[in-house]
Amino acid sequence: MKLSQFKFNLPTELIAQHPLPYRDDSRLMVLHRKTGAIEHKMMPDLISYFDEGDLFVFNDTKVFPARLFATKEKTNARIEVFLLRELSHENRYWDVLVDPARKIRIGNKLFFSNDSSIVAEVIDNTTSRGRTVRFLTDYNNDDFVDHLYALGETPLPKYIQRVYENTETDEESRKQFDISLREQRKEDRDRYQAIFAKHIGAVAAPAACLHFSKTILKRLEIRGVDMQFITSHMSLGNFKSVDVEDLTKHKVDSEQIFISQSVSDAVDRAHAGKHRICAVGTEIMRALETVAGTQGQVPPFTGWTNKFIYPPYDFAVANAFFVNMYMPQSSQLIQVAAFAGYENTMAAYKEAVKEEYRFGDYGDAMLVVD
């Protein structure tokens, strides 16, 4: 299939800029993939589609505040530094992205605090924007990471547009702006994170998991639904658009995944009982399909995946899919179409725009079932 087939008109006002007051306030579109039928529900209605013995597989990765700002030595130029991954805890080596990259060369030093308590020295170029840096600080290794994260901001997709500079000059306007800015950042640190987030390592949130409140999880538990967790550390690739027309040539960033014996056993039980297995989020579906055996078995696994799923594709593990409302021509939308069927998916998205669903990471949800 071609990328252009996944283009649709999405009005800007339908892209959610903030989370709803409560996690389970979201609307829920239910798409039946065998018939193409669509139902308009609310998030609490999700429970009625599952029974005792069914299985949900969630992502318990935890987002860290990966976006920081530094000043370059001598010139004091403002540089955005996006933390990608820690390479060496002991030596404080990190892979990062810098912007503007043309100003940053090997040997440059970047200052992250007014007291120069955290400084990064560029030691290698990795890609056009990528750099490897060594952090210089008097903090011990564990305290250093805590202080580094304290300086960071929650990484949000670029389609979430926030105003971080105030053009007003009077004191009262500046005060109100500062209060609003602090509230937004606090909101993002809390809500751009699943309530069961546990293992830190993601630079993007598993957006589908953001809809699940304690109430929803408790109701699933009472109904006898099994809940298991895979750790899939979401990479910066989740923010990237697909930029090739031929989908077979698209490359995705690798993501580290951890699948336990508990998940493996739960999948076996669900298959044996002919129950529903619901993958929550495109990264969980990708993790399951990365390791799936010919009979849909899921062995324990620790490693990396760069699997890109696009139509046509035969899924081996999950028979239900819980996802967000994704952006046009995104890899996530393409994967949903592989599961639900291209015609069903695009018809559902046309309906979602008509019914003014909210799109993006803070948007509404979709459940795809047989």
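The lining of the largest cavity has 5 nonpolar, 3 polar and 4 charged residues. Here Ala, Val, Leu, Ile, Met, Phe, Trp, Tyr, Cys and Pro count as nonpolar, Asp, Glu, Lys and Arg as charged, and the others, Gly among them, as polar. This is a predicted model, in which local features need pLDDT of at least 70 and side-chain atom pairs count only at pLDDT 80 or more, while totals for chains, interfaces and linings use all residues. Residues are numbered from 1 along each chain as its sequence is written, and side-chain values use heavy atoms, with hydrogens and water left out.

Back to the cavity. Among its lining residues are Pro 19, Leu 20, Tyr 22, Arg 191, His 211 and Asp 361. The space inside comes to about 100 Å³, and the structure holds 1 cavity of 30 Å³ or more. On a 1 Å grid over the protein atoms alone, a cavity is a set of points where a 1.4 Å probe fits but cannot get out; a pocket is an open set with protein on both sides within 12 Å along at least five of seven lines; lining residues have an atom within 4 Å of a point. Grid points are joined across faces, edges and corners, and a volume is the space filled by probe spheres set on the points.

Next, the second largest pocket. Its volume is about 620 Å³. It is lined by 30 residues, and Leu 84, Arg 85, Glu 86, Gly 201 and Val 203 lie nearest its centre. Elements giving two or more residues to this lining include strand S6 (78-88), strand S7 (93-99) and helix H1 (141-151). The largest share, 4 residues, comes from S7. Helices (H or I, at least four residues) and strands (E, at least two) are DSSP runs, numbered from the N terminus. By class, the pocket lining has 12 nonpolar, 10 polar and 8 charged residues.

Now H1 itself. Which of its residues are buried? Phe 144, Val 145, Leu 148 and Tyr 149 are; buried means under 20% relative accessible area, exposed over 50%, partly exposed in between (1.4 Å probe, protein chains only). These four cover an arc of only 130° around the axis, so they sit on the same side of H1. The arc is that of the directions from the helix axis to the C-beta atoms. On the other side of H1, Asp 142, Asp 146 and Ala 150 are exposed.

Last, Leu 220, in helix H3 (residues 214-222). Leu 220 counts as buried because its relative accessibility is 0%.
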